[in-house]
Amino acid sequence: MKRTGCSFFFFCCCCFLRSASGKPLQTASPGRVFAAVGGDVVLPCRLTTSVQPSGVTAVDWSRVDDPSPLTVHVVRDGKELVKEKAPEYLGRTAILEDGSLKLLDVQRRDSGSYRCVLLRDSSVEDEVFVSLSVAQVSQVTLSVRRTSANQLLVRCESGGWSLEPVVSLLDSDRTVLAAQTGSTVRPDRLFSVSAVVNVAAAAATLTGSRTVTCRVEIPGTSLANEDTLHISDELDPSQEGLGRCLVLVGGAAFVLVCVVVSVVVFIVPVRTIEKLRSSVQRLRVMCVALVTRERDGRREGEEHEPLLGEYGDISRVETTRASEKTAMVNQLSCRGVEASNRLAERDLKKMLDYKDTIISQGQSLGVAPALIAAIISRQSHAGTLLKVDGFGQSDNNCFGLMQINKNYHAVKGTAFSKEHVDEGVTIFIQQVKTMRRDKKNWNKEQQLKGALACYIAGDDRVRHLAYEDLDSVTPNEDFANDVVARAQWFAHNGF
């Protein structure tokens, strides 16, 4: 599975593809400009008469939506008069050759009306008004998950838009896919959107490149962000089920053949051979049933056996445990594995309140419940470090037991709900997929540990790191190691 991200820049109907870290902006009509928070924007100073830029001898840019106009940028004979400039624009402006204003690192407070005055030949004057609207634009996240009914779903999420956006899922030809979409307004009055599509239902249009693109945009502008997901054959459930069966049956058949041949040399009871033959036959029947169910679809309400080892064995992950800083923050005199164990043990009583949810979601999504409990322990101390509104006491942007950042993901459910845990585990699984793609030479356990670092620090900061440096970018430089150690403890204590 390959994932890419991009943002778009539009100005006067021209489109330029930018990197995922770029900021989009848009001029919707002459005299009005839209920009994204944190990006740069050009406010055009359009002339009412034709004139060569070299004829411009003076430029005055000011903000005029308040009773007392603010001086933004003043140029006389090619030199800026810095003393005239309002403090909030210092170091953030530049004049282009035609008199247009380039405003750097725009913020929502920059929204307003601006006036440009051009002087030519010391006598002729042109005046232009430009309206700037700055919007909060957020990143788009695509993830893949398989439900208990064996449906492969692609989900798109984006939260933190200051203007209400629309979301759509597109195939490789930019055709809109039939998807379930939703939009919510958060308590901070920012908008979150989501969209979900069933891969099987969209299979006809996904044939070939099998890519899904999520586009989120503000209507009436071209402020937009996108993320693209490439669905590989490794996610094909029928192939995966068949492969597991072939391994099981082949292995059992090999054992049977070996036993039969050994009769020539050793005396093996016929009853033993009959038992082995019967076991192989049962395995063959089970495999036929499994492949048939996965091909024809599972019956409604049928239970799905979890694959808890799908993302690696947590007991085999190397760990240096909690760092000295984490121990000190938690007022512990011990270090390393003892510190991680004591921190996990401290949270156990409260963690039991969520045990059923943790085990249920772990079995449903194929992630060891002990690992989910460990993330919750590290992130929120089993919910004891949450405020009444569900956000973290030390971070107003992070929500719930698993401390999901609202600026990058749409908040789902309540802080202690099954929906919230489902979202957190799904985000972790997506990070595992990222590690599998970018760190193909790592084993499953190393990729799992890398995914933990991505969960807290973001994959952009982790992808380039060597395995031994994973925690160099995480809080207290021990997040992945500490979570692994806590997970190993929880695995032996009820999870």
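This is a predicted model: local features need pLDDT of at least 70, side-chain atom pairs count only at pLDDT 80 or more; totals for chains, interfaces and linings use all residues.
Residues are numbered from 1 along each chain as its sequence is written, and side-chain values use heavy atoms, with hydrogens and water left out. Local features need pLDDT of at least 70 and side-chain atom pairs count only at pLDDT 80 or more, while totals for chains, interfaces and linings use all residues.

Helices (H or I, at least four residues) and strands (E, at least two) are DSSP runs, numbered from the N terminus. Strands pair if DSSP finds at least two bridges between them. Strand E18 (residues 211-217) runs antiparallel to E19, joined by seven bridges. Val216 stands opposite Asn225 in E19. Six residues lie between the two strands of this hairpin, where Gly220 takes a positive phi near 85°. Strand E19 (residues 224-230) has six of its seven residues buried, so it is largely enclosed by the rest of the structure; buried means under 20% relative accessible area, with a 1.4 Å probe and protein chains only.

A nonpolar core is a set of buried Ala, Val, Leu, Ile, Met, Phe, Trp, Tyr and Cys residues joined through side-chain atoms within 4.5 Å.

| Core | Residues in core | Members include |
|---|---|---|
| Largest | 49 residues | Leu371, Met402, Phe428, Leu452, Phe490 |
| Second, separate | 26 residues | Val154, Leu169, Val216, Leu223 |

Leu371 touches Ile314, Phe428, Leu448, Leu452, Val483 and Ala487, not counting residues up to four places away in sequence; contact means heavy atoms within 4.5 Å.

In H8, 18 of the 21 residues are buried, so this helix is largely enclosed by the rest of the structure.

How values were computed: Buried means under 20% relative accessible area, exposed over 50%, partly exposed in between (1.4 Å probe, protein chains only).
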